[in-house]
Amino acid sequence: MLSLSVLSVYLTLSFTQLPLWTCAQTTAPVLPLSSFAYPPASSRPKFRYWLPDASVPASAVQSDVSEIAKVSEGGLEFLGFYNYGFGPMSTDWSLYGFGTAKFKEVFKAALDTAAKYGLALDFAIGPATGAGVPAIPQTAGLAMELVYGTKLLSALETAGSLPRPVLDFNRGFLNGWVHEAENWGPSELVAVVAAKVGSRQKTGKSFPAEQVVLTEANVLDLTNLTRNETLDWRAPASKNDSQPWILMAFYQRYSNERACDSAPNPSSWIGNGSWMVDHFSAAGAKKATDFWDQHILDDSNISQLVDKVGSYSWEDSMEMMASLWWTPDFLTRFEKSRGYSAVRYLPFFFQAKNLWNSYGAPYNTSFMLSGQAADGGKYAEDYRLTLNEGYQDFLRHCQQWASGRGLQHSAQPAYNMPLDMSSAIPLLGAPELESLGFGESIDSYLQFTGPAHLSGRTNSISTEIGAERGGAYAETVPVLLKLFHDSFAAGVNTLVIHGFPYGGPYPGTTWPGYTPFQYEFSEMWGPRQPAWRHFNDTLLYAARNCEVLKTGVPRVDIAFYSWKQPFTAATVFPGGAELAAAGYTYEYLGPENLASTPAYVTDSVLAKDGPAYKAIVLYQQTRITPLASAALLNFAGQGLPILIVGSTPNITIGSTGQDIVSKNMATLTSGGFPSVKVIPPARFSSERLQEAGILPRTVPGVADGPANATSQLVTQWRSDSKKGLELVYLLNRGVKATFDISFAVGENAVPFVLDAWTGEQTHLLTYLRTREGISTRITLSQQQSAIFAFMALNTTEQADVPLYVVSRSANIGRLKVNLHGQIEGLIGDTDETSALLSNNNQVDVLSISNPGSTPAPLPTVKLGPWKLTLEEYAGPAKLSTSSVLTNMSTNSIASPLKTLVPWTQIPGIQHSSGVGTYQTTFSLPSATNITGGLSNGTGSMAYTLHFSGRVINTMRVRVNGVILPAIDPSAPDEGREITDLVKGDGTDELTVEVSSTLFNAVKARAGDVKSIGLGIHIPKDYAQVGWKDFGLLGEVTIQSWRKVVLK
């Protein structure tokens, strides 16, 4: 391949710095994506819609849905929120709860309005997080748990009556946002175990405070000796009688955990709130879907509307509580799958690792086997493996039910729970992650998208995006865009924005309106936000990116093997920046993914028709399943490069299959496979991959900027082989830099640039063809992205492809193809210039400087002074629960602004929220004002508009009343051409609208605002945070150019 250093030198000689907008501005005869400018609803962002309860007017819900249609044209995720399932109840939830007649009425209104506007509508399977439905308590399919009681026996002491279960386990760390299991109802005995205590030791922790060590030979299953909860068994005597025997009786019971509260004394079980269903069996899933079939979709109108506009059934991340998650047939499934009875090992299942998010052990005492890990070791792993099988049955039923209704099922699978996320993702039609729960980490996202990509779930990888702590109404659009960009970089292509709250009046609620989470989390999008009037620019931009990332299939260079159970949002491979610097893309696969049907090798490539991984890397992994180890052996036999970095995963997961794993991994590392390399971590790098012949599809270099700038340049590649189309998404997460980039595409590939802010698809006009593909230069600001497309065109189609520039003088800026098919260039000074075209013709443009004078830059006009009018958003003078409407007032700044400063520095609006309108008039330099004039092939005048300051929230620009294409907030200084919009008579007018968030307005009334009768949950989010800066900042300038035809 052409070395990067040589390429960089060649590009330095051949190219000037190429801004992103240096490309053709014309409609090409053949376009890469016909749907790019106006993507379908399936690619447009949706909003999670929070319905407080079903007491609200249907007309208010319809108004909310119509607002979403105005801005997004995508859809909504309809969620009966019910204050996360908790009170206080401002209305009677026995009448207005999930699944009631009133709920169906409001749900139908939302469906009707979605159908009217062509929106997609997803719906939560249950209230709050969707984890439960109304049900008669203590009935099959509801959530269960395993509990136990203990009794100490001295040597030769008879057991007698069994200990009763202890129901009050340690749940305090989950109180307040996860419902407590309610301690009523029967407990059914399932097993009895006695064990000789080996030793006891304090842990120094709260949970567990004590750890009891047992010896495996002295753990006895006494279940069959039990009659009527009495055990006729005497503890044996031994030489070491200083320690007692411990008798443990295990009981299964319904956890009685609500998914949503209800009002006291409901008149029916449907009005009695919702109950968690069993997530570890198909029966639990059927409990939920049966409720929909029998009590919601039994309404033919609702059913028909769901058929028409329904997209996904949906469940949030699982937020549940139990001493130990259980399902009625657990012991039977365990013995069938693991090959032995679980009874003797039940004591070792009650571990912190098996509680929600591994918060802590359920009881103050935990048990471990002598010689095994303190967390339960291989037997606790077997518990998790078996629980995972039941969870897979749960997901399969949900997906089958959804498919039967022409829908897909979406869920945030497995994480927070003692389950294998990577094995659950392929079972869903629309698997979903979340930006908050994944730590806003691209590496964590890649642990999710890898299994989805391999399994073919490539057209709908969803994310719940935008939730952030720190107070509602504080999130800016650039912050949201950063979350979008990082998600796109990992291959996520479906956005569900968190969120859109119900906008009408509600009991106990003042301005600014119903605010879920008591103002703790962002964000409350909707017309109450000043940015809403501009928000469609952002959402259309996002939709175009999603449309690109839904096209074809992903292409990924490297698959890293990773096993995590439970999943945690933590980086697996620490060297991602070094790989990115060399252009490599990668993602993660788990053991079940390696052993799945789509994981096959063709021509030494894994999943050739999908991600087409060029290698698998096992980085510092120690555990693997027998099936996954066999898959690796098969891959090696087919010539797939496998790099084992550091430790070899030669320990089985769980208690069985160690002999198979040992044999397979010994064979794999025996030296018998040329494609298998075992290397120390210190030697693993992009250079080592290149030495092994594993090359990235994209090779970046730095032309201008920090030497390590490419380490923050991330890539997502899509391929549609049927259309001969390759699409590449680039994101610069680092500081502004100019990059030389080479793309490995075919010799008949024609390059395009797709501008997601404007919707334009234009020919790339400056590039080189090399043996490796196509190389170009691009400047990207921090958080700026770009999309390149490469189309394999036939001979006839290529006849319509314009010439391109191979090299040019440094003073040529923007290039475009005019309506006559000619290449036009903008020249930024009075000097002569030249360009070499792809047909080997050199174009020379004369200087317009006077003879003997020094060439000079063309004039730049600094705009101002500015007239500022603020449309202020604020609460009424006296807040009331009778209205949530915003007071809108106009505030005109008396004196024109000579300098653009934040509103916090302008008297009278220092603490304001709203939309500021800045206006100024300007005069432009004409050709006659420039030395020598413009004639005789030296061109005509052109103008571009630039903003030097950062865009704090949103911006919309008009020149003489005409709205410009959306400004990229990451690069407002890049410039928009306004030549065709200006009059040049001294009366040209520029109008710039900028918005704020609603934060300052809410902060000003933080002590008074209420939602459902409650004030702000975390007052310091407002009281201890300063007033936010908003407004138009920096300088606004118009740059003059000479426009010449390169012919």
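## Burial and an aromatic pair

A residue counts as buried when its relative accessible area is under 20%. In this predicted model, Tyr148 and Phe350 are both buried.

The structure contains 71 aromatic pairs. One of them joins Tyr148 and Phe350 in an edge-to-face arrangement, with 4.8 Å centre to centre and 80° between the planes. This pair connects distant parts of the chain, 202 residues apart: Tyr148 belongs to strand β5 (residues 144–153), whereas Phe350 lies in the loop between α7 (330–338) and β16 (365–369).

## Nonpolar cores

The largest nonpolar core comprises 217 residues, of which Phe78, Phe107, Leu121, Phe250, Phe349, Phe560 and Phe684 touch the most other members. Helix α8 (residues 377–404) supplies the largest share of this core, nine residues.

Leaving aside residues up to four places away in sequence, Phe107 touches Phe78, Leu121, Phe123, Trp292, Ile296, Ile302 and Val306. A second core, separate and made up of 35 residues, has Leu863, Ile906, Phe1030 and Leu1032 among its members.

## Cysteines

The number of disulfides in the structure is zero.

## Charges over rings

Lys1003 places its charged end over the ring of Trp1027, at 4.9 Å from the ring centre. The charged end of Lys1028 sits over the ring of Phe999, with 5.2 Å to the centre of that ring.

Key
Residues numbered from 1 in each chain as written. Predicted model: local features only at pLDDT ≥ 70, side-chain atom pairs only at ≥ 80, totals over all residues. Heavy atoms only, no water. Core = buried A, V, L, I, M, F, W, Y, C linked by side-chain atoms within 4.5 Å. Buried < 20%, exposed > 50% of the residue type's maximum accessible area, 1.4 Å probe, protein only. Helix = DSSP H or I, 4+ residues; strand = E, 2+ residues; numbered from the N terminus. Contact = heavy atoms within 4.5 Å. Disulfide = S-S within 2.5 Å. Phe/Tyr/Trp six-rings, centres within 6.5 Å; stacked < 30°, edge-to-face > 60°. Lys NZ or Arg CZ within 6 Å of the ring centre and 35° of its normal.
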